[in-house]
Each structure stands twice: as structure tokens, then as C-alpha cells.
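Let's take a friendly walk through this model together.

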Amino acid sequence: MTLVAGIDSSTQSCKIVISDAATGIVVRRGRAAHPVGTEVNPAAWWDALQAAIVDAGGLGGVSAISVAAQQHGMVVLDADGNVIRPALLWNDTRSAAAATDLISEVGAVQFAQRTGSLPVASFTITKLRWLRDAEPENAARVAAVALPHDWLTWRLRGYGPAGDSTLTGGTLTGSPLGPVLTELTTDRSDASGTGYFSSVTNDYDRDLLTRALGHDAILPRVRGAEEPAGTTPGGLIVGAGAGDNAAAALGLGASAGDIIVSIGTSGTVFAVTDQPTTDATGTVAGFADASGRFLPLVATLNAARVLDSVSDLLGVDFDGLGRLALDATPGADGLVLQPYFEGERTPNLPDATASLFGMTLGSTTRPNLARAAIEGLFCGLANGLDAVLALGVRADRILLIGGAAQNPAVQAIAAQVFDVPVFVPTPGEYVADGAAAQAAWAHSGARPSWSVSLAGRPAPDFHPVIRAQYAAHRI
Ligand SMILES: Nc1ncnc2c1ncn2[C@@H]1O[C@H](COP(=O)(O)OP(=O)(O)O)[C@@H](O)[C@H]1O
Ligand SMILES: O=C(CO)[C@@H](O)[C@H](O)COP(=O)(O)O
């Protein structure tokens, strides 16, 4: 049996699946936690990756590996391959003013035409502008800019700062290859989240990079979906890797009519399309997918962690939160949670805070609060779906994935908020599965066609009142 490994280096953790390349069936899996916070030293991702490999029982028998990861994170390297400062993650909003500055300098329509998207604080380009203005000494040292998956892929291939003995430590063998910055690689899907790449021309926009950072820098070479990035020093094929949402689409085998809704740290709604999209309002990002096509996507900052927060507040676990939510009726008696706990990305309100509306003596109950949390996070994503559909994308069904998707109340309420049939794939790590599919693709040269089974379909139960009352309180 040929085994391939897929990695999801996501916001909260690193997950690895080791799968049969012929069928995609997972034979071993592992995970390790990431530090909390929106600013993280990339070394912590490397350590978690090693720990996840150990947790999965090692890479014995594996022929190829590929890394998918959280998008947009700014990893800046000096000429010796050292990480200059901790990475700013996609959910760090300190570069919101830089986003506004860049858009006013370039023009919204021009920006969208050149890159497919309008940058918000999540995008790498805005973090580089923030670095130029807030930490000019650090900006001046930047020799290369990478994304989380680019940097991990480079490390897996044996590259890293001169003299770093952890390069190939733990589960990976071979000689360190040193700080060869020109060996950094990426793929279209992750490059398209930088804000200085066009998924239509498949080229970097160096004028935008230079405008943001203040000077040019080495950028990772863009590999095709099936193209290996190289090998580990021990000889494992390393796939191109991908942004996490594009990898999920690959793992699910998404096709026309499929809309993926993911409830992880981020909430995302996206589709795979044959044609690129351009949205000069900035709501829908015109990303690339991981198969040579396109990935129109809307992301929110407040998703599964809204449920973490509200279940802590109510003193219940996730099952308890779900039971409470299902005890309340759709619309939660008018209680509306606008869940902007961490600011918000869509709509672009980086400084917003969460608000509860419709509190009366009757509506302010534990069940209504539990339900309002779930309804609120889905209403933001339903607005996102409307924006995706307005670009001409078809929605035949929603595939609900991400850490919170296994919660029965989350599933049931999804079918009450979205007027599109909701399906829940069998519990799995679809981002890591997509990375494993990429590893299999790089290994054999043919895109694998692995089947994905569905665990359930909550009964269609659309309740327009939920979105109507959320819209009434929209700021
Ligand atoms: N049964 C559940 N109900 C609600 N939320 C859950 C449940 N299980 C896990 N989660 C939440 O899902 C999140 C992790 O999801 P995941 O997709 O792995 O996130 P990420 O990819 O951003 O690291 C955590 O915030 C966790 O608390
Ligand atoms: O910013 C985006 C997409 O544009 C996020 O989807 C990140 O890619 C993080 O994903 P999770 O770790 O929450 O799954």
C-alpha cells in the first residue's frame, strides 16, 4: 500500500492524516496544539508538526507529504533564513489602517482587478505595510516573505537558518541544507491570499509588494497543484501545499454547485469555480483553488470560538450548549447576538465588539443565548453566501465542515439559516485530507479521486425570521 501524509497547520492546532494513496482511507492520524494568540513564532508550528507526526506514529511507510495551512500569515525572513519577528496571523487586525491606506493609494477597482480581491487586515500585504510603518528596522531586514505553508514546506525540505540543528530533527532525517531563500515554494491558492498575486495571470504583482514593504523581496516560487515542491532530505516527495480552504475543497472533491461552509476559528463560505471572480466591494475574495481553478471565498473572524466563549459563559460543554440551543425556538424570541468578539473581517469592522440585541425579561434565557450564538455566526456566513451567489456562483448544496460542524445543534440551525440543502460529510479532517490528496497527486502524477461519504443531512427547515431580525440590528 502506498501511503501519503497530509498536514493541516491551522490556527489552533496541527493535524496530520496518513492515508492510503489509492483510496484516501486514513490509516493513522495525529495532532498537536498551537499557541494561542494572533502573533506566533513559526518555530511553534514546526514543533507542533513534529509532535503531530509522533502522535500519528511517525512517517514510516509514507512516500509523499504535503502541507496545507492557515492562510495569509506574514512570515518574514532575513538573508540568513532567520524569522525576523513572530508571524502576524490572518486574525490579527492591527494592519486595518494599512489596508485602508493601500486601497486609497491603488484604488479599489484597480486593486480588485489586479489581485481579484480587496485587502483587509487579514491579508499579508497589509501586514507588510504595517511592518514598514511600525517596525522599519525589521522591514529593512526582510529578504524573503513566506506564508505559513510555504515556510513549513521549506523546513520539511531541509532548508532553514544556518546552523539550525532542529532542521531535520525528530522524525525527519537527512542533512540540513541551509538558508536558501530561492528554494521557498508556494502554490496558487495560498499566493492568492497575499494581496500581491493575481490568480488570473498567476504572477506576483511586485509593484504592490514594493509599495507595501518599501522594497522588493524574494517570494516563493509558485508550483502547480500536481507539481512537487521537492523532497525531504530523506527522500520523501513534498507536494506543493495549499491554503487551508483550497485544501478542504480538494479533500471534499467539491464540484460545481457545492458550497463549502467551514466553522473553525474562521468561518468561511466558498466554492470552486471555472471562472475567476472580481468583487470591488471586497466582500468576496477572488482566491485561486488548489486544482488550477478559482475559489471565491468570504471569511469571518468569529466562528467556532464564539461557541467556546458562550459555552464557557453558560458553564456547559459543547453538547450542553447544543441541547440548550435546541430547547429554544428559531429566532431565540428576538435575542440576536452579533458575534464580533474579535472585531470582524466581513463586514470589514476590525474594531467592532460583540453586541446582544433584543434583551427583554422574557428573551434573556440560557437557551436563547445558546441559540443566538449559533444563529449569529451563521447569519454572517449567510450574508457571505449571498455575496458569493451575486457573482453568479451556483449553490445546489452546502457541505458543512470544521471543528464545530459535528455539533447537532450547529447542523440543525445551519438548515434553519440557509435556504440551501445542508449536508454534513463524515467527521474528518478535510483540510489534511486535501493535503494528502495533493501528496498523492505529486507522487503519481494523477489527481486521486477519493470518495467522501456524508454522515447526515439535517432536515431542511428554513426560518427567514432568523436572518431578518439579524439584519434589523446590523451595524
Ligand atoms: N462539538 C463541538 N461543538 C462546537 N464547537 C466545537 C465542537 N468541537 C470542536 N469545536 C470547536 O472547533 C474549533 C476547532 O475547529 P478547527 O476547524 O479545528 O479550527 P482551526 O482549523 O481554526 O484550528 C475550536 O474552537 C473548538 O472549540
Ligand atoms: O483567513 C482565512 C481565509 O481567508 C482563514 O480561513 C484562515 O485560513 C484560517 O483558517 P482556520 O485555521 O480557521 O481553519
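## Around the ligands

Helix 10 (residues 304–314) is the main contributor to the shell around ligand 1, giving 4 residues. Helices (H or I, at least four residues) and strands (E, at least two) are DSSP runs, numbered from the N terminus. Please keep in mind that this is a predicted model, where local features need pLDDT of at least 70, side-chain atom pairs count only at pLDDT 80 or more, and totals for chains, interfaces and linings use all residues. Residues are numbered from 1 along each chain as its sequence is written, while chains are lettered from A and ligands numbered from 1 in the order in which they are written.

Ligand 1 is surrounded by 16 residues, the closest being Ser10, Gln12, Gly264, Thr265 and Gly403; a residue is near a molecule if its C-beta atom, placed from the backbone, lies within 6 Å of it. This shell holds 4 nonpolar, 10 polar and 2 charged residues. Here Ala, Val, Leu, Ile, Met, Phe, Trp, Tyr, Cys and Pro count as nonpolar, Asp, Glu, Lys and Arg as charged, and the others, Gly among them, as polar. Ligand 2 also has 16 residues around it, and Ser10, Thr11, Gly264, Thr265 and Ser266 come nearest. Its shell divides into 3 nonpolar, 12 polar and 1 charged, with helix 9 (244–252) and strand 19 (294–300) each supplying at least two residues.

Leaving aside residues up to four places away in sequence, Ala373 touches Val306, Leu307, Val310, Leu337 and Pro339; contact means C-beta atoms, placed from the backbone, within 7 Å.

## Val145

Val145 sits in strand 8 (residues 144–146). Is this residue buried or exposed? Val145 is buried because 27 other C-beta atoms lie within 10 Å; the cut-offs are 20 or more for buried, 12 or fewer for exposed, and partly exposed in between. Its C-alpha atom is separated by 5.8 Å from that of Val75, 70 residues apart along the chain.

## Helices 2 and 4

The axes of helix 2 (residues 96–106) and helix 4 (residues 124–134) come within 8 Å and cross at roughly 105 degrees. Axes are lines fitted to C-alpha atoms, for helices over the stretch in contact, with angles from 0 to 180 degrees between N-to-C directions. The two helices are therefore roughly perpendicular (65 to 115 degrees; under 35 is roughly parallel, over 145 roughly antiparallel and the rest oblique).

Definitions and conventions: Contact = placed C-beta atoms within 7 Å.
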